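Dear colleague,

Please find below the structure that I am handing over to you. My findings follow directly after it.

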Amino acid sequence: MKVTVAHLYKKLEELDRDVVELKKLTDRLASDREYSPILKETFLSEMNKLEDQKSEILKLNVSSSQPVAKKTTVTSENKTPTPIPTLEPKKPEKPVRKY
């Protein structure tokens, strides 16, 4: 299976964001409620799963099947580490408007 490095980078950002959100939710839980320990345990379990997914992505080998200026692919078959080539600059994100 081949995916682009950009897709993996976006997935890593998504995983990091989810872990941060779960951490915030864990910190905001009221400790005097009977459901708090169960929720806290569930949040921690989910955070561990997300961290495991992140580590699996980081273990993938990057191999270039096209010139570096174009797309770089990652294959799950290769397990030996290789240096990651530089990526094209990201497009600036549009500002989010809150209503």
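Ser-36 is buried, with a relative accessible area of 4% (buried means under 20% relative accessible area, with a 1.4 Å probe and protein chains only). This residue lies in helix H2 (helices are DSSP runs of H or I with at least four residues, numbered from the N terminus). Apart from neighbours within four places in sequence, Ser-36 is in contact with Leu-29, Ala-30 and Ser-31, contact meaning heavy atoms within 4.5 Å.

The model is predicted: local features need pLDDT of at least 70 and side-chain atom pairs count only at pLDDT 80 or more, whereas totals for chains, interfaces and linings use all residues. Residues are numbered from 1 along each chain as its sequence is written, and side-chain values use heavy atoms, with hydrogens and water left out.

Helix H1 (residues 5–28) packs against H2 (residues 36–59) at an angle of about 160 degrees, and their axes are 10 Å apart. Axes are lines fitted to C-alpha atoms over the stretch in contact, with angles running from 0 to 180 degrees between N-to-C directions. The two helices are therefore roughly antiparallel, a term for angles over 145 degrees.

Among the H1 residues that meet H2 are Leu-8, Leu-15 and Val-19; the H2 side includes Phe-43, Met-47 and Ile-57. The residues of this contact divide into 11 nonpolar, 2 polar and 8 charged (nonpolar: Ala, Val, Leu, Ile, Met, Phe, Trp, Tyr, Cys and Pro; charged: Asp, Glu, Lys and Arg; polar: the others, Gly among them). Within H1, the buried residues include Leu-12, Leu-22 and Thr-26.

Yours sincerely

Notes
Angles under 35 degrees count as roughly parallel, over 145 as roughly antiparallel, 65 to 115 as roughly perpendicular and the rest as oblique. Buried means under 20% relative accessible area, exposed over 50%, partly exposed in between (1.4 Å probe, protein chains only).
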